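Please read this briefing alongside the sequence and the model, taking the topics in turn. It moves from charged pairs to the nonpolar core, and then to confidence.

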Amino acid sequence: MAKGSITARDRDALAAADDIHRIPGTLDEAKLLDIMALRPTILDVEEASVWLAGDADVFGAGQPLKPVAGDIVAILTADEEEEEPPAR
């Protein structure tokens with residue numbers, strides 16, 4: 001097996017801080033700690049990252065995210081949700 005390749009068994013392992021930084025990219029410390037508190041698997045982090053990249057159809061049409069992956073998406077997009085719409 002090539003170094004750096006992830007097997008199905010690895011994806012079920014709990015994600016470490018390095019995994020979280022590697023998959024969705026660099027995060028601020030607060031978001032990293034919030035995600036780590038969820039105790040996500042590597043697969044949860046990968047699913048959230050794919051969803052955020054706009055590739056949700058990978059999961060099948062109309063399929064929702066699994067709960068932990070959905071929580072990761074919520075954490076990563078929290079700043080976007082807090083923005084107020086422009087005044088009219």
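## Charged pairs, core and confidence

D79 is partly exposed, with a relative accessible area of 44%. In this predicted model, D79 forms a salt bridge with K31, and the closest N and O atoms of the two are 3.1 Å apart. Because D79 belongs to helix α6 and K31 to helix α3, the pair ties together parts that are 48 residues apart in sequence. K31, for its part, is buried, with a relative accessible area of 14%.

**Salt bridges**

- The structure holds 3 salt bridges, and the pair of D79 and K31 described above is one of them.
- In another salt bridge the side chains of E47 and K66 meet, with an N to O distance of 3.5 Å; this pair links distant parts of the chain, since E47 sits in helix α4 while K66 lies in the loop between α4 and α5, 19 residues apart.
- E47 has a relative accessible area of 9% and is therefore buried, whereas K66, at 43% relative accessibility, counts as partly exposed.
- The side chains of D19 and R22 also meet in a salt bridge, at 3.2 Å from N to O; because these residues are 3 apart in helix α2 (residues 17-22), about one helical turn separates them.
- D19 counts as buried at 15% relative accessibility, while R22 is partly exposed, with a relative accessible area of 47%.

**The largest nonpolar core**

- The largest nonpolar core has 15 residues, of which I20, I35, V45 and I72 touch the most other members.
- Helices α3, α4 (42-52) and α5 (67-76) are the elements that give two or more residues to this core, and α5 gives the most, with 5 residues.
- In general, nonpolar side chains in soluble globular proteins tend to be buried together.

- Leaving aside neighbours within four places in sequence, I35 is in contact with I20, L27, P40, I72, I75 and L76.
- The C-alpha atoms of I35 and D71 are separated by 8.1 Å, although these two residues are 36 residues apart along the chain.
- V45, when residues up to four places away in sequence are not counted, touches A15, D19, I20, I23, P24, P40 and I72; D19 in that list is the residue whose side chain meets that of R22 in a salt bridge.

- The side chain of T77 reaches the backbone oxygen of V73 at a distance of 2.8 Å.

**Confidence of the prediction**

- The mean pLDDT of the protein is 78, and 69% of its residues reach 70 or more.
- Confidence is highest in helix α3 (residues 29-37), at a mean of 93, and lowest in helix α1 (residues 8-11), at 61.

Key:
Residues are numbered from 1 along each chain as its sequence is written. This is a predicted model: local features need pLDDT of at least 70, side-chain atom pairs count only at pLDDT 80 or more; totals for chains, interfaces and linings use all residues. Side-chain values use heavy atoms; hydrogens and water are left out. pLDDT is the predictor's confidence in each residue, from 0 to 100. Helices (H or I, at least four residues) and strands (E, at least two) are DSSP runs, numbered from the N terminus. A nonpolar core is a set of buried Ala, Val, Leu, Ile, Met, Phe, Trp, Tyr and Cys residues joined through side-chain atoms within 4.5 Å. Buried means under 20% relative accessible area, exposed over 50%, partly exposed in between (1.4 Å probe, protein chains only). Contact means heavy atoms within 4.5 Å. A polar contact is a pair of N or O atoms within 3.5 Å; within protein, one must be able to donate a hydrogen and the other to accept it, and residues adjacent in sequence count only if both atoms are side-chain atoms. A salt bridge is a side-chain nitrogen of Lys or Arg within 4 Å of a carboxyl oxygen of Asp or Glu.
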